[in-house]
Amino acid sequence: MEGQEFVRDANYISTRITRDGEDGYAVEADRYRLIAARACPWANRSIIVRRLLGLEDAISLGMPGPTHDERSWTFDLDPGGKDPELGIERLQEAFFARDPEYPRGITVPAIVDTRDGAVVTNDFAQITLDLSTEWAAHHREGAPRLLPEDPAERDEMDSVMRRVYTEVNNGVYRCGFAGSQEAYDEAYERLFTALDWLEERLTTRRFLLGDAITEADVRLFTTLVRFDAVYHGHFKCNRNKLTEMPALWAYARDLFQLPGFGDTVDFAQIKEHYYVVHTDINPTRIVPAGPDLRGWLDPHGRESLGDDPWGGGTPPGPVRDGEQVAAGHSPLSPA
């Protein structure tokens with residue numbers, strides 16, 4: 001809002017899918033469909049976690065196109081403009097199937113019950129936590145443990161994730177949608193204070209919690225991978241580029257090159273989403289040609305900080321047919 005700080009609407013449908021079905025939705029293979037646009041950082045988290053844990057056989061994936069209007073995300077990339085499993089043109093239809101008077105924004109990720117076509121939840125933070133815990137019986141053999149078992153380590157992870165969310169994940173949006181110079185200046189200072197803290201933290205450890213990836217790394221990665229392509233210019237987060245922060249840039253490349261991270265990232269869709277949808281920031285809807293993405297494949301040299309990113313587990317296998325990033329949309333999928 002003009003003259004004010006950007007505040008994210010954090011009221012989501014909080015129903016959970018659990019082993020005991022306490023909220024009326026029990027864990028069950030082939031019942032639910034994850035709707036997650038590649039363009040969206042919050043949705044990208046769920047795509048990564050689903051892939052890392054090997055839940056492709058248990059939860060199907062629907063992917064809206066990169067742009068949306070005031071009403072909803074749409075399935076314009078699918079044949080006939082409809083999701084092939086749900087048979088709907090707009091994600092809004094699944095929200096209205098849950099609540100015909102649904103009053104809030106239509107957001108991704110969302111999990112839909114294919115039995116009635118209604119959204120179960122769009123609580124993006126809880127979705128990935130439940131994929132690690134409630135869906136454990138359906139994890140692939142060798143899936144990494146993304147949530148620490150040790151209570152002290154879990155407390156540390158939760159503390160790190162809170163700061164990453166408020167100052168970085170949401171911080172770039174506070175910069176981009178600031179309604180006044182004062183609000184922008186404060187958001188900018190908070191963002192780069194947090195990035196400097198992360199730069200220092202990642203100088204001496206391979207990942208945020210140590211030698212192996214956790215949920216915290218997934219949450220930070222989806223912002224970092226969009227930083228130079230979108231947030232640096234479009235959201236005015238321009239003290240420096242990610243490529244100018246040695247530890248963070250090497251860390252981001254490290255994750256990008258791990259199966260399950262970079263192979264979920266579609267830079268073309270990311271840029272189209274931000275530069276086309278945010279007409280208040282970019283009224284011309286011109287999508288920039290850069291940046292050069294080839295550097296994402298440069299050696300990162302972080303193996304000396306820890307040699308087992310999977311924490312005793314194994315990497316996921318090849319990306320499933322139909323879920324690959326389009327050719328030319330990533331350095332991992334050249335034209």
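**View 1. Cavities in the predicted model.** A search of the whole structure, which is a predicted model, finds two cavities of 30 Å³ or more. A cavity is here a set of points, on a 1 Å grid over the protein atoms alone, where a 1.4 Å probe fits but cannot get out, and its lining residues have an atom within 4 Å of a point. Grid points are joined across faces, edges and corners, and a volume is the space filled by probe spheres set on the points. Residues are numbered from 1 along each chain as its sequence is written. Local features need pLDDT of at least 70 and side-chain atom pairs count only at pLDDT 80 or more, whereas totals for chains, interfaces and linings use all residues; side-chain values use heavy atoms, with hydrogens and water left out.

**View 2. The largest cavity.** The largest cavity holds about 80 Å³ of space, and its lining includes Thr15, Arg16, Ile17, Ile111, Thr121 and Trp135. Helix α3 (residues 124-133) gives the most to this lining, with four residues; helices (H or I, at least four residues) and strands (E, at least two) are DSSP runs, numbered from the N terminus. The lining divides into five nonpolar, three polar and three charged residues, where Ala, Val, Leu, Ile, Met, Phe, Trp, Tyr, Cys and Pro count as nonpolar, Asp, Glu, Lys and Arg as charged, and the others, Gly among them, as polar.

**View 3. The second largest cavity.** About 60 Å³ of space lies in the second largest cavity, whose lining includes Arg38, Arg50, Arg51, Glu56, Asp263 and Glu323. Helix α1 (residues 41-53) supplies the largest share of this lining, three residues, and by class the lining has three nonpolar, one polar and six charged residues.

**View 4. The four-stranded open sheet.** The strands follow the order β2-β1-β3-β4 with mixed pairing, two strands being paired if DSSP finds at least two bridges between them. Strands β2 (60-62) and β4 (118-121) stand at the edges, each with a single partner strand, so one side of each is left without a neighbour in the sheet. Within the sheet, strand β1 (residues 32-35) runs antiparallel to strand β3 (residues 110-113) and is joined to β3 by four bridges, with isoleucine 35 opposite alanine 110.

**View 5. The two sides of helix α4.** Helix α4 (residues 151-169) has as its buried residues (under 20% relative accessible area; exposed is over 50%, partly exposed in between; 1.4 Å probe, protein chains only) Met157, Val160, Met161, Val164, Glu167, Val168 and Asn169. Seen down the axis of α4, these residues fall within an arc of 160°, so they line one face of the helix, the arc being that of the directions from the helix axis to the C-beta atoms. On the other side of α4, Pro151, Ala152, Asp155 and Arg162 are exposed.

Technical notes
1 Å grid on protein atoms, 1.4 Å probe; cavity = no way out; pocket = protein on both sides within 12 Å on 5 of 7 lines; lining within 4 Å.
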